[in-house]
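Hi everyone, thanks for coming along.

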Amino acid sequence: MARRSKSMTFDQPDQARSDSRAFGRGDVLAGVLLILLAALVLLPGISSIPVIDRDEARFVQASRQMLDSGTLEGWTVPMVGERYRLNKPPLIYWLQAGVAGVATGFESEDASIWMYRFPSFLAALCTVLLTWRIGSSMFGGRVGLLAGSFMAVSPLVAFDAHMARSDQVLLALTTAAMAVLWTCWRDGRHLDRDQRLPVWRTSVLWLLVGLGMLTKGPITPMVVLLAAGTLAAWTRDWRWFLRLRPFSGLLIALATFLPWVILAGLSVGFERLAAIAWDEIVVRSASGRESHGAPPGYHLVLMVGLLWPGTLLTGIALGRSWRRARVSVPTRGIGHRVRNVFTRAARGRSAEAFCLTWLLPCWLVFELAATKLPHYTLPLYPALALVSARAVLAGSRALPQARTTSAHLGFILWFLLGTGIVLLPALLLGLAWNVGELATPPPGSPRMDGVGWLVIVTLAIGALFGLCVLVIALRRALQGRLVDAQLLAIPAGAVSLALVFGVVLPAAWPIWITPRIVHHLEAGGALDGSTPVAAIGFQEDSLVHATNGRLQPINLDRFDAWCRDNPGGWVVLPEASLPAGNEDLIRGRVSGFNYSNGNWFDLAVVRTGPND
């Protein structure tokens with residue numbers, strides 16, 4: 001037998017944990033608990049929250065037009081109205097259009113918003129379960145269950161899973177690819193020189209990379225390749241990297257991705273497709289786009305709240321993982337210390353090394369990129385959840401840093417963030433009530449029964465429950481009972497998020513302008529598919545979707561000409577901009593706060609002709 005490689009000298013406890021991988025009754029119970037927890041957070045509001053501007057409305061409209069197209073080109077090139085939407089690959093549109101088609105018999109006019117959001121919900125649920133299974137394989141079932149719970153109640157995951165966008169599918173596919181990469185790393189480091197990983201396993205890895213490319217371009221391959229390459233450098237074992245069959249794997253990924261590229265290029269032109277890719281990848285990374293520039297450290301600061309309550313020990317956990325991924329060796333002088341950055345890494349613990357290489361290289365890329373949005377680092381959150389859960393279950397005895405004054409100050413900050421989250425339903429409701437009478441919503445509001453005493457009492461009970469639990473959780477954390485603190489905070493966060501999405505947002509009618517405009521348009525028969533509809537001032541994508549892409553954005557100086565050219569047409573415009581003498585054309589009035597640009601609108605819905 002060939003001599004075993006000496007570069008893989010990771011300790012054996014991780015291997016002992018990973019060898020106990022039987023799926024037993026306890027795993028079934030843990031899986032059921034995670035599904036219930038995720039359903040509590042992710043399902044409320046999935047059908048009652050209207051289409052959200054601006055990204056979701058564009059995704060939904062492109063999927064709707066794809067469903068209506070009935071042609072290969074229509075399913076190849078996403079469109080919003082007459083505009084190409086090629087800044088994102090088509091997998092998410094295929095999934096959304098497919099779900100809506102199956103649910104409605106391929107009649108898009110019967111589709112509800114939950115059908116387009118269902119892929120995001122299902123992807124988020126898969127991410128929770130995948131994080132659990134990765135953690136169980138790395139550190140044991142309790143760590144996996146806690147890490148999966150962190151993902152289930154993460155505010156960022158919850159918010160994004162309520163929108164019909166590509167990010168949750170990207171997260172699920174990237175997490176699945178990293179789960180396969182973990183099994184390749186876990187098993188491949190014990191192979192002899194002449195042994196290979198199973199072909200099916202590496203093929204699945206590269207297939208997932210290709211599907212990730214079909215979802216959001218370079219993100220999944222970047223995460224996988226940076227992690228694999230850093231692991232190889234970390235352990236000084238490039239043979240392990242070659243065991244992944246990267247050359248044939250690249251062919252598998254390209255075979256998954258390139259057919260769409262070829263078809264889309266034939267439809268719109270390869271130069272145009274290349275220009276869009278260059279703009280989305282290179283230009284967006286080099287310069288802040290759409291006022292989304294931010295300095296390095298942006299994602300690190302936001303992570304503290306966006307992964308709450310899983311961030312109780314994240315800072316300490318990263319330091320702990322770094323130390324455990326490297327084993328102390330006697331050193332003499334600075335030169336030895338520099339060399340030992342890598343020689344120690346070759347003797348570290350495999351699970352911690354894997355999580356760090358999943359997390360750190362890509363996090364640095366996202367921090368250095370000029371354009372930043374909170375969800376950009378989402379594919380790295382499972383790694384954060386894993387190291388955080390591992391540190392929590394290690395306990396304060398194994399973490400002397402958790403008993404320091406600075407750690408206690410961090411616990412207080414964690415408590416204050418949690419307080420803001422559990423009070424969020426009441427705060428949002430109060431803000432909405434300040435600008436509109438929620439007890440008597442106007443026609444077309446998402447929730448027509450209004451906010452009564454039952455809703456107020458429910459929110460009060462939720463807030464009181466969350467505050468009491470968090471006070472106890474803070475005391476437990478300061479006493480060193482870290483597991484208790486986390487187990488108390490998880491239901492507090494879950495209940496708060498369920499109330500935000502299931503109760504408060506549907507009831508906050510002042511921010512939902514488009515549904516109330518649609519009410520007036522439907523009452524006048526303007527959405528029959530042939531009546532022209534224009535908009536001045538308020539031209540949000542949700543209104544484009546409501547008119548099935550037929551909305552005509554115009555300027556105020558074209559109002560008179562458009563009315564003459566479109567008798568019987570409808571116009572939505574600020575009431576103050578309506579030319580004098582046209583007041584009798586108003587068929588409805590809509591006032592509300594446009595959260596997309598922060599402006600208040602008092603709109604008139606006008607028909608270009610005398611009232612009946």
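**A pocket and some rings**

Let me start with helices: helix 3 (55-69), helix 6 (113-139), helix 23 (513-523) and helix 24 (541-546) each give at least two residues to the lining of the second largest pocket. Helices here are DSSP runs of H or I, at least four residues long, numbered from the N terminus. Before I go on, this is a predicted model, where local features need pLDDT of at least 70 and side-chain atom pairs count only at pLDDT 80 or more, while totals for chains, interfaces and linings use all residues. Residues are numbered from 1 along each chain as its sequence is written, and side-chain values use heavy atoms, with hydrogens and water left out.

Back to that pocket. Which helix supplies the largest share of the lining? That is helix 23, with five residues. By type, the lining divides into 16 nonpolar, nine polar and five charged residues, with Ala, Val, Leu, Ile, Met, Phe, Trp, Tyr, Cys and Pro as nonpolar, Asp, Glu, Lys and Arg as charged, and the others, Gly among them, as polar.

Now the rings. Rings of Phe, Tyr and Trp (its six-membered ring) pair if their centres lie within 6.5 Å; planes under 30 degrees apart are stacked, over 60 edge-to-face, and the rest tilted. The count comes to 13 aromatic pairs. One of them, Trp185 with Trp240, is edge-to-face, at 5.2 Å centre to centre and 80° between the planes. Trp185 sits in helix 9 (residues 167-188) and Trp240 in helix 12 (residues 238-243), so this pair ties together parts 55 residues apart in sequence. Both Trp185 and Trp240 are buried, meaning under 20% relative accessible area, against over 50% for exposed and in between for partly exposed (1.4 Å probe, protein chains only).

Finally, Trp114, Phe118 and Phe121 form one aromatic cluster. Happy to take questions!
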